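Hi everyone, thanks for coming. Have a look at it first, and then we'll start.

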Amino acid sequence: MENKIVKDYLDEDGCLRCGVCGKRKQMKVQLLGNLHTVGCLCECEVKARQELDEKMKREEAQRQLYQRKSVGLREKRFWEWKFENDNGSNRKMMIAKQYVENWADMKRKNVGLLLMGPVGTGKSFFAGCIANALLEGGERVMMTNFSRILNEMTSYQSDKNQIIQNLVDYPLLIIDDLGIERNSEFALEQVYNVIDSRYCKMLPLIVTTNLGLKEMKSQEQDVAHQRVYSRLLEMCVPIYFGGEDRRKEEGTEKLGQVQSLISR
Ligand SMILES: [Zn+2]
């Protein structure tokens, strides 16, 4: 670019014009019988204002996204679980992408996911990618786990109902690593309360667990476990990670709603 300073100049009407775009920076207006010279914006100035405006909007959107993530992603590692960090080795990730693409529908039909399989098969990454993508799309998502929720509930002067209410407030709740087999009666009851509150409000839930469907459906479980599991199976479509393909076992009323996603 040429490094010369282009000066503004006065035109034939005595109005200041921009040396760069040639448009007026001043104009004449009639006011109470008198002609006044008032300032106005030339094209460069209009453009500069628009750019500044857009920059501020982008920064505000970034700030809000950071805020949503800070609140909704309760562990720092969740922040890294994004589609852009996927190495493409897991074909099931297609389902996560389709869940996000069809989120409006998933939300409306209250379709949750139950991500099952051994440790290290990518279930949590799958769930985290959904969380991050929806957060980036402007949705409010909470991704946490029950040990964290239970810690909050048992901390000094906490209000259990308020905590549950808060979790029901999110359009999508993701519970990472549900493993309630070793938990107390109190814990189990709270787990049920959280899940059931979302069930009653018809809000979707995504859960990752290394429990198997057989375990969850087993009649040998006590009643407290059975009611948690049967709620989950009512609300969520099971998806298996790792091991042999056990899709044949999948069977809930909801399955039809994401079947098209899975087979696409
Ligand atoms: Zn100009």
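Let's begin at the metal. The zinc ion has four protein donors, the SG atoms of Cys18, Cys21, Cys42 and Cys44, lying 2.2 to 2.4 Å from it. Please keep in mind throughout that this is a predicted model.

What is the arrangement of the 4 donor atoms around the zinc ion? The angles they subtend run from 104 to 115°, and that makes the arrangement tetrahedral. To count as tetrahedral, four donors need all angles between 85 and 135 degrees. For those of you who like a reference value, the ideal angle for four tetrahedral donors is 109.5 degrees.

Along the sequence, the donor residues follow the spacing C-x2-C-x20-C-x1-C. Two of these donors also have accessibility values to look at. Cys18 is buried, with a relative accessible area of 3%, whereas Cys21 is partly exposed at 23%.

While we're on cysteines, how many disulfides does the model have? The count comes to 0. Cys200 is exposed, with a relative accessible area of 55%, while Cys236 is buried at 0%.

Which strand is joined to β9 by 5 bridges? That is β5, residues 112-116, and the two strands run parallel. If you want a pair to find on screen, take Leu114, whose bridge partner in β9 is Pro238.

Let's step back for the overall picture. The protein chain has 10 helices and 9 strands. It holds 264 residues, and buried residues make up 40% of them. Of the contacts between residues at least 6 apart in sequence, 67% join residues at least 24 apart. The chain exposes about 15,600 Å², with carbon and sulfur atoms supplying 49% of that area.

Now some helix residues, starting with α4. Phe125 is found in this helix, which spans residues 123-136. Is Phe125 buried or exposed? Its relative accessibility is 19%, so Phe125 counts as buried; the cut-off is under 20%. Leaving out residues up to four places away in sequence, Phe125 touches Glu80, Trp81, Lys82, Asn85, Asp86 and Met93. Phe78 is another residue to look for: it is 47 residues from Phe125 in sequence, and their C-alpha atoms are 7.9 Å apart.

Moving on to α7, residues 185-200, we find Gln190. With 5% relative accessibility, Gln190 counts as buried. Beyond its neighbours within four places in sequence, Gln190 is in contact with Leu150, Met153, Lys160 and Ile164.

Then there is Ala224 in helix α9, residues 223-235. Ala224 is partly exposed, with a relative accessible area of 30%. Ala224 and Leu188 are 36 residues apart in sequence, with a C-alpha to C-alpha distance of 6.9 Å.

Last stop, the backbone angles. Most residues other than glycine have a negative phi. Leu32 has a positive phi of about 50° although it is not a glycine. Where is Leu32 placed? It sits in the loop between β3 (26-31) and β4 (34-39), and Leu32 is exposed, with a relative accessible area of 86%.

Gln157 also has a positive phi, near 60°. Gln157 lies in the loop between α5 (146-154) and α6 (160-168), and its relative accessible area of 67% makes it exposed.

That's my tour, and I'm happy to go back to any part of it on screen.

How values were computed: Residues are numbered from 1 along each chain as its sequence is written. This is a predicted model: local features need pLDDT of at least 70, side-chain atom pairs count only at pLDDT 80 or more; totals for chains, interfaces and linings use all residues. Side-chain values use heavy atoms; hydrogens and water are left out. Donors are N, O and S atoms within 2.8 Å of the metal (3.2 Å for Na, K and Ca); water is not among the atoms, so sites may look incomplete. Four donors count as tetrahedral if all angles lie between 85 and 135 degrees; four count as square planar and six as octahedral if opposite donors are over 155 degrees apart and all others between 65 and 115; anything else is irregular. Buried means under 20% relative accessible area, exposed over 50%, partly exposed in between (1.4 Å probe, protein chains only). Two strands pair if DSSP finds at least two bridges between them. Helices (H or I, at least four residues) and strands (E, at least two) are DSSP runs, numbered from the N terminus. A disulfide is a pair of cysteine sulfur atoms within 2.5 Å. Contact means heavy atoms within 4.5 Å. Accessible areas come from the Shrake-Rupley method with a 1.4 Å probe; for residues, only the protein chains shown count as cover.
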